Amino acid sequence: MGKYNIAVLPGDGIGPEVIEQAIKVIEAVGEKYNHSFELKEGLLGGCAIDSTGEPFPKETLELCKSSDAVLLGAVGGPKWDNLPGDKRPEAGLLGIRGALGLYANLRPAVIYQALKGASPLRSDIVKDGIDIMVVRELTGGMYFGERGRVQTENMGQAAFDTEKYSEFEIERIARLAFETAMKRNKKLMSVDKANVLESSRLWREVVIRVSKDYPEVELNHMYVDNAAMQLVRNPAQFDVIVTSNMFGDILSDEASMITGSIGMLPSASLGEGSLGLYEPIHGSAPDIAGQDKANPIATILSVAMMMKYSFGLGEVSDAIENAVISVLDMGYRTADIASADTANVVGTKEMGRLIISK
Ligand code: NAI
Ligand code: MG
């Protein structure tokens, strides 16, 4: 029997509603598999601003650091939209990722058989389902490189951002991607722009070097423009994709949208050690908050990722995912994934209850 401490940050809008169901799932698997999960709640985002004046109070940082994993709902909403950038709820997101040293973002894009119709792609392209994991570098590259503006003599202002990666940064994300591939189908696609960018040539060299430690993993390389095209032409060819911060930002959004359902998609952000942050990719959805309409599945699948990546509980993780699949196979849908002919449209609480009963 394992004992695990989980920091729970419900946040704003639908955050607390989807987190409530995720907590019930954690309690249910704890009981069934005889693990003890200790949950402690903290403030992040708008709710934290309202009670402390800060989007990411230091008590929340302390709570996260003393935990084995963090489960986050979503933050933000119209109430806080007029605050300056560094005081807004979303500043809490960047703050927590930075403070916990989370250098890798894992985003699965999965099309379950029962939801094939939701994909914007043609049915013959998604007929066998899609199951891709995008591993995005999160703390380096263009978004953190040197930037600035200069006045030129006769071309007006010029502005620049720098794509810079060290061998250290590439090696640690590559290792994490190979480890991820080992837990899946031992297939890794490294995406870069090595035909043009020097930073990409170093990226490719280092990835190849790391691959020597993972002889079982089949490694391939693809240029990012081609990868963008292949994701919609033949997404089934991909298993794990590893790429830089900026390319990953774009490709992970593209990959998630081929599934057609923002309410279904979980994510994990990982760093040194086992402390990980798990959250749905969607936001606080103020348009449906407080109406028992939000789809809790993205958050429940984030719990499944936590079980696997932070706690090494693969069996528990599979049990959660299989429960989600059974409920979908039975025809139950929240409004966001329902189609015109869906008979069983259920709310947040009922969807949670069905998954737990499975
Ligand atoms: P959003 O993801 O909150 O909503 C986009 C659309 O998807 C809305 O129509 C919403 O109703 C729907 N939707 C989202 N999650 C759903 C779910 N679980 N079930 C059913 N429908 C769902 O993105 P939006 O509207 O751009 O942002 C709203 C607020 O959330 C903003 O304040 C934004 O800054 C914040 N945000 C926070 C994020 C986070 O906490 N990680 C990520 C993205 C946005
Ligand atoms: Mg993005």
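Author: What follows goes through the domains, the core, the ligand and some annotated positions. This is a predicted model, in which local features need pLDDT of at least 70 and side-chain atom pairs count only at pLDDT 80 or more, while totals for chains, interfaces and linings use all residues. Residues are numbered from 1 along each chain as its sequence is written, with chains lettered from A and ligands numbered from 1 in the order in which they are written.

Reader: Which domains does the protein chain have?
Author: The assignment, which is automatic or taken from a database, gives domain 1 (1-105 + 263-358) and domain 2 (120-135 + 165-258). Their C-alpha centres lie 26 Å apart, and six residues from domain 1 and six residues from domain 2 make the contact (C-beta atoms, placed from the backbone, within 7 Å).

Reader: And what about the largest nonpolar core, how many residues does it have?
Author: That core has 105 residues, and Leu71, Val135, Ile241, Tyr278, Ile300, Val303 and Ile320 have the most contacts inside it. Helix H9 (residues 297-309) gives the largest share, ten residues, and each of domain 1 and domain 2 supplies at least three.
Author: A nonpolar core here is a set of buried Ala, Val, Leu, Ile, Met, Phe, Trp, Tyr and Cys residues joined through C-beta atoms within 7 Å. Buried means that 20 or more other C-beta atoms lie within 10 Å of a residue's own, exposed that 12 or fewer do, and partly exposed falls in between. Helices are DSSP runs of H or I with at least four residues, numbered from the N terminus.

Reader: What does valine 303 touch?
Author: Not counting residues up to four places away in sequence, valine 303 touches Ala22, Val25, Ile26, Leu71, Tyr278 and Ile320.

Reader: Changing topic, which residues are closest to ligand 1?
Author: Gly76, Gly263, His282, Gly283 and Asn295 are the closest of the 22 residues that surround ligand 1, where being near requires a C-beta atom, placed from the backbone, within 6 Å.

Reader: Which positions does UniProt list for "binding site"?
Author: The unreviewed UniProt entry lists Arg97, Arg107, Arg136 and Asp225, although such annotations may be inferred rather than shown by experiment. These positions are spread over 129 residues of sequence and up to 28.1 Å in space between C-alpha atoms.

Conventions. Helix = DSSP H or I, 4+ residues; strand = E, 2+ residues; numbered from the N terminus. Contact = placed C-beta atoms within 7 Å.
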